[in-house]
Amino acid sequence: MSIVMTTRPPEAPSNKVASFKPTLLQTEEHHLCPGCGEPVAIRLVLEVIEELGLAQKNVSIIGHGCYGSFIMTMDVDSTLCLHGRAPAVATGLKRMRPEVAVWTLQGDGDMTSEGLAEILHATARGENITCILLNNGVFGDTGGQMTASSVIGQRTKNTLEGRDAAYHGHPIVIGNMVAAMPGSAYVARGSVHNAASIAATRRLIRKGFQRQMEKKGLSLVEILTMCPTGWFVPASGGADYMMESLGKTYPLGEIKDISASE
Amino acid sequence: MTMRLMDGSEAIVEAAIQAGLRFYAGYPMSPATELLEYMAEKLPHHEGVCINAATEIEGVNMALGAAAGGFRAASGSCGQGLALMQEAIAEAALNETPIVIFNMARNQQDYFQATRGGGWGDYRTITLAPKDLHEAVEHAQLAFHLADKYRVPVIFMGDNLLARTQMGTTLPQLDLEPLPPKDWQLDGTSGGTGKSRQIWTFGCGKTNDPGPGPSKHWERIAAKFDAIAEVEARHEQGFVDDAETLVIAFGSGGKFVEHVVREMRADGHKVGYFRPITLWPFPGDALEAASQDCKRVLVFELNAGQMIDDVKLNVRDRKLVKAIGGVSFDESGLNLGPLMDATVIRERIALAINGASQ
């Protein structure tokens, strides 16, 4: 993956993940599958929100997917909205409460399948919201079916011989689409497949929220998350499988940062 | 304010803003388009926001977001546009987000989708159907009040005549009871306190403070709608005491019928009128009482028969009930047809009476 350059000194002493519970989680327990990448990604978002002093100045708009169960454990003002509509709900709230950091939590099924119109129009309007996309290329919550972002060759329960471009169409690379639009301020793609990628992703999330608070426009932070259950691989094999499959269609790194070009 | 001549759409927008509306998102569709145009023009002058949504689905979900933030919010459309909003209207009912939907209908074919709860789940939508601009100005205020009072979606059911007819109005303000502060609103301030807020259709609450869970939550919602039905039904009636024939109509149709019945009374006919002001809750008890001694109950609506179901459920004998309306559009298919005419309505009432006496 590309290295995110920074001249910024560390904001806090380094911590082992296991040694503390983020303030914005009511419990570390979750009911997602072994090897799932989503809890790690959500934890990163909550840590960043706290670091940026937004704990009592943020609202999450959550879509429909396995991550939705975090509405019960995230200690954040939250609503779980209709499938795919999070950027629209976030728009209404942010326009009326511009001082609050409003962020969406969506999967690839939620954002690129059901809700493609909402994310693109929110970008076109340049809404000052931060959209977190947990991309595992599969409908995990329903047991492993193809989404718009499933990669070519990916076996799912409704692409048994693998996704075939001629029959099932091509994956939608939403990050690049959003980055190509003038309303987006920051677009980056991270991953949680190893410690280094987790640390890098934290920085991407941080910039995503910073661009919102700077009123620069929409930020999208896509995070590749393991879904061994939905990929039909062993829990311990999720990370390798992910970088061999999704990682090739969705390369990691920053795609756009309008602040960097200023 | 002093009396001003306004078309219906403008008066409704003015009244809604006076009532505290601060967010509107909509998509153009005749005859709801002018409402969107006035919102776009006026809201920014009242610390409000109007967004030209990409779809009705996007618009109503934006309104849900603004309403979740504690602000009075609305969307609007008609017919097919209302159909696109039904999932979100159901969601508002089930997760208790107060929003108002201005349905400026082309005709009267939206009765079912307004009153039955067109989305998923056990809920109804309070539906206000004003007969003219004066009542519409009141309903624009009442809609937001009822939405906030019960934390429910409310449908304001207008039509082409209402939207595009000009009348003089002073925009009188209703004297409504004060409502408690919105202690549920998502203002973002509760994070990390252990008491963070949640708006969620499944009602499971948070780890620290579990909710009742889906089944009990939805039971409570259903019970809330039962309670609303007990107290919020509104109607208007006239000449019912000795009426042999009772004519029922809603919205603009109700105003036409009222006029025709007054004319026929002056000519000595024992005719009365009954107009549901709330289409849901349907004023069933009042209709039962008003129709108690009638020989016939006539239903005038510009559709193939929708409200007539509610009428049949609430009179002593459904065989007394006869439809005198029907599908009636103008040539464009976008506007009320030739049936919405006092002369035609009078002929149909007379035919029903004379036909019955032969």
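A crossing of two helices is left-handed if the near helix is turned anticlockwise from the far one by less than a right angle, and right-handed if clockwise. With that in hand, welcome to the model. It is a predicted one, in which local features need pLDDT of at least 70 and side-chain atom pairs count only at pLDDT 80 or more, while totals for chains, interfaces and linings use all residues. Residues are numbered from 1 along each chain as its sequence is written, and chains are lettered from A and ligands numbered from 1 in the order in which they are written.

**Helices around α1 of chain B**

Helices (H or I, at least four residues) and strands (E, at least two) are DSSP runs, numbered from the N terminus. Axes are lines fitted to C-alpha atoms, for helices over the stretch in contact, and angles run from 0 to 180 degrees between N-to-C directions. Angles under 35 degrees count as roughly parallel, over 145 as roughly antiparallel, 65 to 115 as roughly perpendicular and the rest as oblique.

| Pair | Axes come within | Crossing angle |
|---|---|---|
| α1 (8–18) and α2 (33–42) of chain B | 9 Å | roughly 45 degrees |
| α1 (8–18) of chain B and α6 (133–150) of chain B | 8 Å | roughly 30 degrees |

The crossing angle of α1(B) and α6(B) makes the two helices roughly parallel, and their crossing is right-handed. Two residues are in contact if their C-beta atoms, placed from the backbone, lie within 7 Å. By that rule, α1(B) brings Gly8(B), Ala11(B), Ile12(B), Ala15(B) and Ala16(B), and α6(B) answers with Leu133(B), Ala136(B), Val137(B), Ala140(B) and Gln141(B). For residue classes, Ala, Val, Leu, Ile, Met, Phe, Trp, Tyr, Cys and Pro count as nonpolar, Asp, Glu, Lys and Arg as charged, and the others, Gly among them, as polar. This contact has 8 nonpolar residues, 2 polar and no charged.

The crossing of α1(B) and α2(B) is right-handed too. Here the contact residues include Ile12(B) and Ile17(B) of α1(B), along with Leu35(B) and Tyr38(B) of α2(B). They divide into 6 nonpolar, 1 polar and 3 charged.

**The sheet of chain B**

Two strands pair if DSSP finds at least two bridges between them. In chain B, 7 strands form an open sheet with mixed pairing, in the order β3-β2-β4-β5-β7-β6-β15. Strands β3 (49–52) and β15 (278–280) of chain B each have a single partner strand, so each edge strand has one side without a neighbour in the sheet. Ignoring direction, neighbouring strands of this sheet are turned by 20 degrees against each other on average.

Within the sheet, β2 (21–26) and β4 (72–77) of chain B pair in the parallel sense over 3 bridges. Tyr24(B) has Ala74(B) in β4(B) as its bridge partner. Helix α3 (56–68) of chain B packs on the sheet, touching β2, β3 and β4 of chain B, and its direction makes about 165 degrees with that of β4(B). Chain A takes part as well: its helix α2 (86–96) lies across β2, β3 and β4 of chain B, at about 150 degrees to β2(B).

**Where the chains meet**

Between the chains, 39 residues of chain B are in contact with 34 residues of chain A. Which helix of chain B gives the most to the side that touches chain A? That is α3(B), with 8 residues. The side of chain B that touches chain A divides into 17 nonpolar, 15 polar and 7 charged residues. Strand β2 (77–80) of chain A also pairs with β9(B), in the parallel sense and over 2 bridges. In this pairing, Thr79(A) stands opposite Ile199(B).

**Two domains in chain B**

Chain B is divided into domain 1 (4–169) and domain 2 (235–357), with bounds that come from an automatic or database domain assignment. Taken over C-alpha atoms, their centres are separated by 26 Å.

**Backbone details**

Most residues other than glycine have a negative phi, and most peptide bonds are trans. A cis peptide bond joins Ser30(B) and Pro31(B), with omega about 0 degrees, and Pro31(B) is placed in the loop between β2 and α2 of chain B. Another cis peptide bond joins Trp280(B) and Pro281(B), with omega about -5 degrees. Glu96(B) is not a glycine, yet has a positive phi of about 60 degrees; its place is the loop between α4 and β5 (100–105) of chain B.
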